[in-house]
Amino acid sequence: MSVVLAAAATASPDIGGDLALQRVLQYLPFFVLGLRLEQRHFEALRDRRLRLLAPAVLALGALAAYWTVPRMNPDWLYHRYAAQELGAPGWAGVLMTLGMLGCSVLLSAAFLSLTPSRRTWFTALGAGTLYAYLLHGFLAKGAHYWDWYEGGFVNSAPGVLLVTAVAAAVAVGLTTPPVVRAFRWAMEPRLEWFFAPEPPSRAGRDRRTAAPGA
């Protein structure tokens, strides 16, 4: 049902951008899938055959991304608009949504199949992905504002590879503990003060009021 809603939203320009409803509906399948997944699903991804195929899947995904960037409207990837708002018919939006959902699930599965189950030096970085997701936009907007993407070198093959390496380094850097500590007050503020204190349980009250040795 969430996939149907996402596809229908892509073909429905009347939804508009209020409350980011387009993004809510088009991303809905990912949230539903996340709620439905269980540990056994992640364990199934560790099948040896899948782990052998995963690098090829990720490599093909990277090649496809580099090929499509100059050939399609990048607004498709932000899930903010209906197909008609991007100059395409509604049916194209439905097909594009289904295709991108399928590719996203496939690439996510390939990535997770290669993720080690043991604790490693980069395990802590996984807990900081929210910071990379929210903070990288300021750097990306700054790069556009200062016209860093307009130079001839940036659009050459070596420039594309350099930008990719810098983007990867920035993404990793934004997940490191120093960045997490510096921005935790904004990203994950402590809100205990906002909620009423939980009343003590009856069992706890009984223990406190019972006579010593009772």
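Contact here means heavy atoms within 4.5 Å, and the structure described is a predicted model. The protein has ten helices and zero strands, so that, in the wording of the element order from the N terminus on, the run reads α-α-α-α-α-α-α-α-α-α.

**Overall form**

- The radius of gyration of the protein is 23 Å, whereas a compact globule of 214 residues would have one near 17 Å.
- Taken along the principal axes, the C-alpha atoms of the protein fill a box of roughly 80 × 45 × 45 Å, and 19% of the 214 residues count as buried.
- Among contacts between residues at least 6 apart in sequence, 70% join residues at least 24 apart.

**Helix 1 against helix 5**

- The axes of helix 1 (residues 2-10) and helix 5 (residues 90-114) come within 7 Å and cross at roughly 135°, which makes helix 1 oblique to helix 5.
- The crossing in which helix 1 passes helix 5 is right-handed.
- On the side of helix 1, Val3, Ala6, Ala7 and Thr10 take part in the contact, and they meet Gly93, Val94, Thr97, Leu98 and Leu101 in helix 5; the residues of this contact divide into six nonpolar, three polar and no charged.

**Ser113 in helix 5**

- Ser113 lies in helix 5, and because its relative accessibility is 1%, Ser113 counts as buried, the cut-off for that class being under 20%.
- Leaving aside residues up to four places away in sequence, Ser113 touches Leu45, Arg46, Leu50, Arg51 and Ala54.

Methods. Residues numbered from 1 in each chain as written. Predicted model: local features only at pLDDT ≥ 70, side-chain atom pairs only at ≥ 80, totals over all residues. Heavy atoms only, no water. Axes fitted to C-alpha atoms, helices over the stretch in contact; angles between N-to-C directions. Helix = DSSP H or I, 4+ residues; strand = E, 2+ residues; numbered from the N terminus. Parallel < 35°, antiparallel > 145°, perpendicular 65-115°, else oblique. Left-handed = near helix turned anticlockwise from the far one by under 90°. Nonpolar A, V, L, I, M, F, W, Y, C, P; charged D, E, K, R; others polar. Buried < 20%, exposed > 50% of the residue type's maximum accessible area, 1.4 Å probe, protein only. Rg over C-alpha atoms; globule rule 2.2 N^0.38 Å.
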